Amino acid sequence: MPEREKDKSRAKGKTTVEERAKPLIVAESLYKSFGDNHVLRGMDLTINEGEVLVIIGRSGCGKSVFLKHVIRILRPERGRMLFDGVDINQLNVRELTELRKNFGMLFQGSALFDSLSVRENVGFYFYESTKIPIGEIDEIVKEKLAMVGLSGVEDIFPAELSGGMKKRVGLARAIATEPRVIMYDEPTTGLDPIMADVINEMIIDLQEKLNITSIVVTHDMVSAYKIATRIAMLYEGKIIEVGTPQEIKNSQNPYVQQFVTGSYKGPIDVLEG
Ligand SMILES: Nc1ncnc2c1ncn2[C@@H]1O[C@H](COP(=O)(O)OP(=O)(O)OP(=O)(O)O)[C@@H](O)[C@H]1O
Ligand SMILES: [Mg+2]
């Protein structure tokens, strides 16, 4: 933020994004390969408490792979993944289970369990891992579905839902345990623009009302500009730029410019990857 604007916001008694920043999730020089495929090549990224950090980058560049490192579904060959200052790759199984309670995840393609009803999907954690009475789980499910604008769909199965409804059920499941962090993998992909914006508003709402920290992977630049506190671009295994939506829009980096304007012309080899 330019100094002049910082002065203005200080005069109003507000703090700037930088001043409020408290790092919650930190990736330090992560390296991850699958055979000869070197996906993450020294990736550094800090996600601050209460922000919506959007990750952009080409298909196949490692965005989903990164999300999996945040909750140790995958482990790096080198580098550290920190949550609240703790290296999560040093945790034992019990500590890892505790760590994961901080997270909700909306998977790419929603990843609902096809053989389970909406109720069983949303309440999955409670049925599986707690002794909460069924009646109380029903209430939690109803409340979370209401938060994503759905009601009366508890007994329906995923195959009967539209894409937008599936995303919302996936989101209800992600927020069911009231996590501190929600990770969204392409939350608006495949949705009509209006439903995409409904999802955008939900992400913003969860951040504003519940101070939830969000990591959002998306190709949808309309969504990215609308919801992001900051946007980070992943390219060739590294974060090549991080900034506010305005900073990213005005970026002088030709790789960032080409991506955000969606042009086939530029330094990125369009047929690679
Ligand atoms: N479990 C795995 N085993 C082997 N290769 C994998 C595995 N997971 C991901 N990859 C590879 O890692 C690379 C990055 O995959 P990733 O799913 O992170 O891409 P992405 O950036 O999320 O792409 P998209 O935008 O298409 O979802 C790809 O080349 C993919 O084939
Ligand atoms: Mg992906």
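**Ligand 1 shell**

Helices here are DSSP runs of H or I with at least four residues, strands are runs of E with at least two, and both are numbered from the N terminus. I am working on a predicted model, where local features need pLDDT of at least 70, side-chain atom pairs count only at pLDDT 80 or more, and totals for chains, interfaces and linings use all residues. Residues are numbered from 1 along each chain as its sequence is written, while chains are lettered from A and ligands numbered from 1 in the order in which they are written.

Phe-34, Asn-37, Val-39, Gly-57, Ser-59, Gly-60, Cys-61, Gly-62, Lys-63, Ser-64, Val-65 and Gln-108 surround ligand 1. α3 gives the most, with three residues. By type I get four nonpolar, seven polar and one charged.

Then the sheets, with two strands counted as paired if DSSP finds at least two bridges between them. One open sheet has six strands in the order β6-β7-β8-β3-β9-β10, and its pairing is mixed. β6 (103–106) and β10 (238–243) are at the edges with a single partner strand each, so one side of each has no neighbour in the sheet. On average, neighbouring strands here are turned by 20° against each other, direction ignored. Axes are lines fitted to C-alpha atoms, for helices over the stretch in contact, with angles from 0 to 180 degrees between N-to-C directions.

I checked one pair in detail: β7 (residues 181–185) and β8 (residues 213–217) run parallel and are joined by five bridges. Asp-185 is opposite Val-217 in β8. Back to α3: this helix lies across β3 (52–56), β7, β8 and β9 (230–235), at about 150° to β8. Contact means C-beta atoms, placed from the backbone, within 7 Å.

**Four-stranded sheet**

The other sheet I looked up is open too, with four strands ordered β2-β1-β4-β5 and antiparallel pairing. Its edges are β2 and β5, each with a single partner strand, so one side of each is left without a neighbour. Five bridges link β1 (residues 23–34) to β4 (residues 78–83). Along that pairing, Tyr-31 has Arg-78 as its bridge partner, and Val-26 stands opposite Leu-82.

Leu-82 also stands opposite Asp-87 in β5. β4 and β5 (residues 86–87) are antiparallel, with two bridges. Their hairpin has two residues between the strands, and Asp-84 takes a positive phi near 50° there.

**Whole chain**

Last, the overall numbers. I count 12 helices and 10 strands in the protein chain. The radius of gyration (over C-alpha atoms) is 19 Å, close to the 19 Å from the globule rule (2.2 Å times the number of residues to the power 0.38) for 273 residues, so the chain is as compact as a globular protein of that length. The C-alpha atoms fill a box of roughly 55 × 50 × 40 Å along the principal axes.

How values were computed:
A residue is near a molecule or strand if its C-beta atom, placed from the backbone, lies within 6 Å of it. Ala, Val, Leu, Ile, Met, Phe, Trp, Tyr, Cys and Pro count as nonpolar, Asp, Glu, Lys and Arg as charged, and the others, Gly among them, as polar. Two residues are in contact if their C-beta atoms, placed from the backbone, lie within 7 Å.
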